[in-house]
Amino acid sequence: MIKGHKIALEIAGKVHEHTTYHQAVVENEFGGTEWRGQIARILNALEFTAGDGHTREEWLNRAHRLFSVYLRPGGRTMAQMLRNEAKLDSILGGSEKANLSARTIHSVKGLEFPAICVVLTSSKAGGIITHLESEPDQTNAESAREFYVGASRAEKLLVVACPKSQSKRLSTHLATSGAKCKTIEI
């Protein structure tokens, strides 16, 4: 979702070499979530299924039409920003190769990945949940910030691995924020 919003802001000329996505969000006061519905509709409309008769040309036409509302008057055209390159066939029709790696929270700042797994110990999970639920304190505030950095890197799937003793508590807390949660015990 965030990548779609970033693309829309880049097309609108709000993100460029001297402004990051996050700076553009702050400068343009996109603090709320009202943009999410519009971007979700665009991303759903851009779904590509080769078996359904979709072609590169047809997909490009849809992308041009959907993102054209973000074009800056006098700026670059959609054709300049979204070229009809043959490599789109492999991008649209292919799947990405698995590129799994373990990274520290600090090394992923500013990056995004299709799926993320954040691993928490029982004490870390308990401290973070307690901090978020009712008892904010400096000791757990840093752990909560680190958890946020790790969790917010996920584009499609976030997995939180924590001991069974904290899983119900964590799932309940995340569900209160509107997150769709599924608990799997192993």
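Mentor: Start with helices: these are DSSP runs of H or I, at least four residues, numbered from the N terminus. This is a predicted model, where local features need pLDDT of at least 70, side-chain atom pairs count only at pLDDT 80 or more, and totals for chains, interfaces and linings use all residues. Residues are numbered from 1 along each chain as its sequence is written, and side-chain values use heavy atoms, without hydrogens and water.

Trainee: Where is Arg62 found?

Mentor: Arg62 is in helix H4 (residues 56–67).

Trainee: Is Arg62 buried or exposed?

Mentor: Buried means under 20% relative accessible area, exposed over 50%, partly exposed in between (1.4 Å probe, protein chains only). Arg62 has 11%, so Arg62 is buried.

Trainee: How many salt bridges does the structure hold?

Mentor: A salt bridge puts a side-chain nitrogen of Lys or Arg within 4 Å of a carboxyl oxygen of Asp or Glu. The structure holds three. One joins Glu58 and Arg62, with the closest N and O atoms 2.6 Å apart. Both residues lie in H4, four residues apart, about one turn of the helix. Glu133 and Arg169 form another, at 3.3 Å, N to O. Glu133 is in helix H7 and Arg169 in helix H9 (residues 164–176), so the pair ties together parts 36 residues apart in sequence.

Trainee: At what angle do H7 and H8 pack?

Mentor: Two packed helices are described by the angle between their axes and the distance between the axes. Helix H7 (residues 122–133) and helix H8 (residues 138–151) pack at about 100°, axes 9 Å apart.

Notes: Helices (H or I, at least four residues) and strands (E, at least two) are DSSP runs, numbered from the N terminus. Axes are lines fitted to C-alpha atoms, for helices over the stretch in contact, and angles run from 0 to 180 degrees between N-to-C directions.
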